Amino acid sequence: MKIAFLGDTALFGKNTTSNSKYHKRFETIRELLQQCDYVVANLESPLTSQTRTVGGKSAYLKGNTSDVELLKFLNITHVTLANNHMYDYRAQGMMDTIQVLEKNNIEWYGVDSKSTVIEGDNSSIILMGYCCYSTNGKGLGVKKSYVNVLDPIIIEKELIEAEKKNMLPILSLHWGQEHVHYPNYDHIELARKLCKARKILIHGHHPHVIQGIEEVGESVIAYSLGNFCFDDVYTKKSTSPLVKLSKDNQESFVMIVDISNNTINNYKIIPFSFEGEVYEIENSIMDKIVEWSNFLNVPSDEYVRKRSRDLTTYINKRKKLRNLEWYLKRLNLESIKMIVGSKKNLEKYNQLIKKYISQ
């Protein structure tokens with residue numbers, strides 16, 4: 001069977017059914033996805049009419065329930081909900097999303113410990129989704145109506161159960177640092193440890209840019225597929241976008257994986273760009289993917305230095321866009337909640353991820 005995997009998929013701005021040109025915008029990529037048996041995406045925006053947000057975040061994403069038609073138009077059959085925006089409009093926004101997905105026969109996973117299974121070609125595939133504390137998401141944890149947290153101990157146990165049932169696990173992992181082409185080295189070590197002596201496919205997302213791909217034994221790790229569809233992000237605090245899409249944010253790839261007999265036979269990368277009004281296949285992006293993939297294998301100290309320099313460059317670039325007015329508008333309770341929340345998430349990240357990879 002052929003399964004296509006997509007990156008961050010957010011239905012707002014240009015990427016909604018209210019855009020009268022959406023058929024033309026997605027025509028090329030739709031034809032590609034229709035050639036696959038299944039299409040799996042990270043649905044980053046809740047589909048809801050709720051207006052009450054969870055609080056303590058810089059930006060909130062959502063689409064209308066009617067935008068599920070765009071998912072259907074693109075032949076998207078499965079979505080992971082384990083990400084840092086699915087709880088933006090609280091548990092009700094997430095439940096609204098689940099309801100409209102089920103009504104339209106789109107399988108979902110990554111919430112309330114739910115996974116989903118695909119059967120075919122003498123294979124049994126289990127899709128599991130998790131969101132890392134590194135993304136500063138809300139609604140992560142172990143209570144009712146929660147987003148599955150990336151806890152390596154829990155994942156190990158579920159991988160063992162999948163092996164007992166003779167299933168091929170596919171892990172959709174929402175993790176890492178935004179706008180950097182190099183994964184956290186912690187996550188590289190985590191992924192390699194999970195994949196050791198196993199057959200796994202890791203479907204990574206959240207950075208909003210492409211990151212490298214590597215093979216570990218019979219496993220394949222795609223650290224970030226970039227944005228499948230996204231738009232400039234606005235808030236009520238300014239008429240200028242909080243995040244304006246760069247060229248890097250508008251480059252991505254579809255990963256088509258051929259699976260039979262519970263084995264990843266091969267995979268194909270189709271790079272594309274949506275820098276213009278329509279999606280176009282852009283083969284020149286492949287050279288960048290190869291470069292970022294090769295860099296995963298340099299010595300760890302060299303890798304960390306290079307990644308740190310790139311991250312510092314990005315942060316400094318963002319700071320130059322901020323003036324006194326920008327800071328004054330953010331002297332409020334929401335900002336305090338964000339700072340406190342980030343510190344708590346870092347503590348939880350260290351407890352789960354750093355402790356696991358050090359063992």
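Two residues are in contact when their heavy atoms lie within 4.5 Å. Leaving aside neighbours within four places in sequence, L71 is in contact with T9, L11, L43, I76, L101 and I106. Welcome to a short tour of a predicted model, in which local features need pLDDT of at least 70 and side-chain atom pairs count only at pLDDT 80 or more, while totals for chains, interfaces and linings use all residues. Residues are numbered from 1 along each chain as its sequence is written, and side-chain values use heavy atoms, with hydrogens and water left out.

**The sheet**

- Six strands make up an open, mixed sheet in the order β5-β6-β7-β8-β10-β9. Strands here are DSSP runs of E with at least two residues, helices are runs of H or I with at least four residues, and both are numbered from the N terminus. Two strands pair if DSSP finds at least two bridges between them.
- Why do β5 (116–120) and β9 (213–216) stand at the edges? Each has a single partner strand, so one side of each is left without a neighbour in the sheet.
- On average, neighbouring strands of this sheet are turned by 15 degrees against each other, direction ignored. For such angles, axes are lines fitted to C-alpha atoms, for helices over the stretch in contact, and angles run from 0 to 180 degrees between N-to-C directions.
- Strands β6 (residues 123–131) and β7 (residues 168–174) run parallel and are joined by seven bridges.

**Nonpolar cores**

- The largest nonpolar core has 104 residues, and L171 and M255 have the most contacts inside it. Such a core is a set of buried Ala, Val, Leu, Ile, Met, Phe, Trp, Tyr and Cys residues joined through side-chain atoms within 4.5 Å. Buried means under 20% relative accessible area, exposed means over 50%, and partly exposed lies in between (1.4 Å probe, protein chains only).
- Beyond four places in sequence, the contacts of M255 include I3, A4, F5, L201 and V220.
- A second, separate core of seven residues has A10, F12, A59 and F230 among its members.

- L71 sits in helix α2 (residues 68–73) and is buried at 1% relative accessibility. L71 and L11 are 60 residues apart along the chain, with their C-alpha atoms separated by 9.1 Å.
- N227 belongs to strand β11 (residues 227–229) and is also buried, at 1% relative accessibility. Its side chain makes a polar contact with the side chain of H208 (2.7 Å). A polar contact is a pair of N or O atoms within 3.5 Å; within protein, one must be able to donate a hydrogen and the other to accept it, and residues adjacent in sequence count only if both atoms are side-chain atoms.
- A polar atom of the N227 side chain also lies 3.1 Å from the backbone oxygen of N249.

**Cysteines**

- How many disulfides does the structure hold? There are zero, a disulfide being a pair of cysteine sulfur atoms within 2.5 Å.
- The closest cysteine sulfur to that of C132 is in C131, 7.2 Å away and too far for a bond.

- D121, in the loop between β5 and β6, has a positive phi of about 50 degrees although it is not a glycine. D121 is partly exposed at 41% relative accessibility.
- N262, in the loop between β12 (251–260) and β13 (263–273), has a positive phi near 55 degrees. N262 is buried, with a relative accessible area of 8%.
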